[in-house]
Amino acid sequence: MDVVWCEVWLEVGWGRLAAKTCITGGSQEAGDVRLKIVGLHGWMDNANTYDTLIPLLPAGLEVLVVDFPGHGYSDHLPSGAQHSIISYVTYLYMALHKYGWDKYVLLGHSLGGTVGVYYTALFPECVLALMNLDIIGTHPIDNNVNTWRKKVAVLIKREQDKEKNPVYSEEKALERLIITRRGIDNITNIDEDAANILLPRSACQVENGYKWRHDPKARNIDQMFTGGESFLFAQASIKCPVLLVLATYGVYFKRWSHILDSRVEVFRDNAKWFDMEEVEGRHHVHLTHPERVAPILTKFIKKVLQCELQPPQSKL
């Protein structure tokens, strides 16, 4: 099922966030929309990350996929400002509020899933349900002053790197997109087809090739105060339905598998309901093999719709 994407721009004071929107189902009109979905992409990805997945979802969904600050077509943060989970949550809320959306389902992959958890915790009145793809939170962080100093030094360097933006051939640009998305076992998470989908929003075409669009500072998202116990506090506050789709060779393969069970239990204990499924694939399986992920999302979306359409229970 094809979808027609339209570009939109969302004002957030210091600049604009880029986004793209569509209504699934081809011939569907705005009046036929049954549910709004906000898509949040992963680290150094962009709004094109859901291009292969969204057409496989049920008809009648209005989808808005946002480029985070300094990603895709979105403006870069001003000099001196740094990228962080909480700033992304704040700018996203400002953008959606101005866009006129007040109730929606969040769909997050990787970094987008972490932003989705904090967003849902801070603005529960806006989020009908949370769907996360291969992420259940920030990785454990070594919180001490020496670690903070190192992170701040990297942020300062990224600020200084803003003027450095070399030109790459199309072949080299695609190669770098693939290489930088290697998993912890050093195997690439995306193929050339997926890289070609991400490339138009990742880089702009210039006379001799391509230059990256992203803000160099966006490569280091500040998570110093959104890891460890703070993430568990955010998780525990989420009462809406939650879906987690994990890839067999995703972020929790080998290295982080030991923290998965405890975080799953927090969702199980607090969410209205919690569904978890595992699919064969790597971290970007939603992009490379969307047919494996779409049926799981469809089942969950229909469950949310059924719940939302139920008449309120009488208190008599």
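Visitor: Leaving aside its neighbours within four places in sequence, which residues is Phe274 in contact with?
Guide: First, a heads-up: this is a predicted model, where local features need pLDDT of at least 70, side-chain atom pairs count only at pLDDT 80 or more, and totals for chains, interfaces and linings use all residues. Residues are numbered from 1 along each chain as its sequence is written, and side-chain values use heavy atoms, with hydrogens and water left out. Contact means heavy atoms within 4.5 Å. With those sequence neighbours set aside, Phe274 is in contact with Val242, Leu244, Val264, Phe267 and Arg268.

Visitor: Is Phe274 buried or exposed?
Guide: You'll find Phe274 in strand 10 (residues 274-282); helices (H or I, at least four residues) and strands (E, at least two) are DSSP runs, numbered from the N terminus. Buried means under 20% relative accessible area, exposed over 50%, and partly exposed in between, using a 1.4 Å probe and protein chains only. Phe274 has a relative accessible area of 11%, so the word for it is buried.

Visitor: How far apart in space are Phe274 and Lys239?
Guide: Along the sequence, Phe274 and Lys239 are 35 residues apart. In space, going C-alpha to C-alpha, the gap between Phe274 and Lys239 is 9.8 Å.

Visitor: Let's step back. How many helices and strands are there in the protein chain?
Guide: The protein chain has 316 residues, and 53% of them count as buried. Among its contacts with a separation of 6 or more, 78% come from residues 24 or more positions apart. As for the count, the chain has nine helices and 10 strands.

Visitor: Which residues have the most contacts inside the largest nonpolar core?
Guide: A nonpolar core is a set of buried Ala, Val, Leu, Ile, Met, Phe, Trp, Tyr and Cys residues joined through side-chain atoms within 4.5 Å. The largest one has 50 residues, and helix 1 (residues 85-99) gives the most to it, with seven. There's also a second, separate core of 33 residues, including Val65 and Met131. Back in the largest core, the residues with the most contacts are Val38, Tyr104 and Tyr119.

Visitor: How are helix 1 and helix 2 set relative to each other, roughly parallel or roughly perpendicular?
Guide: Axes are lines fitted to C-alpha atoms, for helices over the stretch in contact, and angles run from 0 to 180 degrees between N-to-C directions. Helix 1 and helix 2 (residues 111-122) pack at about 70°, with their axes 9 Å apart, and the contact includes Val89 and Leu92 of helix 1 and Val115 and Tyr119 of helix 2. Angles under 35 degrees count as roughly parallel, over 145 as roughly antiparallel, 65 to 115 as roughly perpendicular and the rest as oblique. That is why helix 1 and helix 2 are roughly perpendicular.

Visitor: Where do the buried residues of helix 4 fall, seen down its axis?
Guide: The buried residues of helix 4 (residues 170-179) are Ala173, Leu174, Leu177 and Ile178. Seen down the axis, these residues fall within an arc of 135° (the arc of the directions from the helix axis to the C-beta atoms), so they line one face of the helix.

Visitor: And what is the angle between helix 4 and helix 5?
Guide: Helix 5 (192-202) and strand 8 (209-212) are among what covers the buried residues of helix 4. Ala173 and Leu177 of helix 4 and Ala195 and Leu199 of helix 5 are among the residues making the contact between the two helices. Their axes are 9 Å apart, and the angle is about 105°.

Visitor: What relative accessible area does Arg181 have?
Guide: Arg181 is found in the loop between helix 4 and helix 5. Leaving aside neighbours within four places in sequence, its contacts include Trp43, Asp45, Asn189 and His284. Arg181 is buried, with a relative accessible area of 5%.

Visitor: What is the phi of Asp134?
Guide: Asp134 sits in the loop between strand 6 (127-133) and helix 3 (145-160), and it is buried, with a relative accessible area of 2%. Ser110, in the loop between strand 5 (104-109) and helix 2, has a positive phi although it is not a glycine. Asp134, also a residue other than glycine, has a positive phi near 55°.
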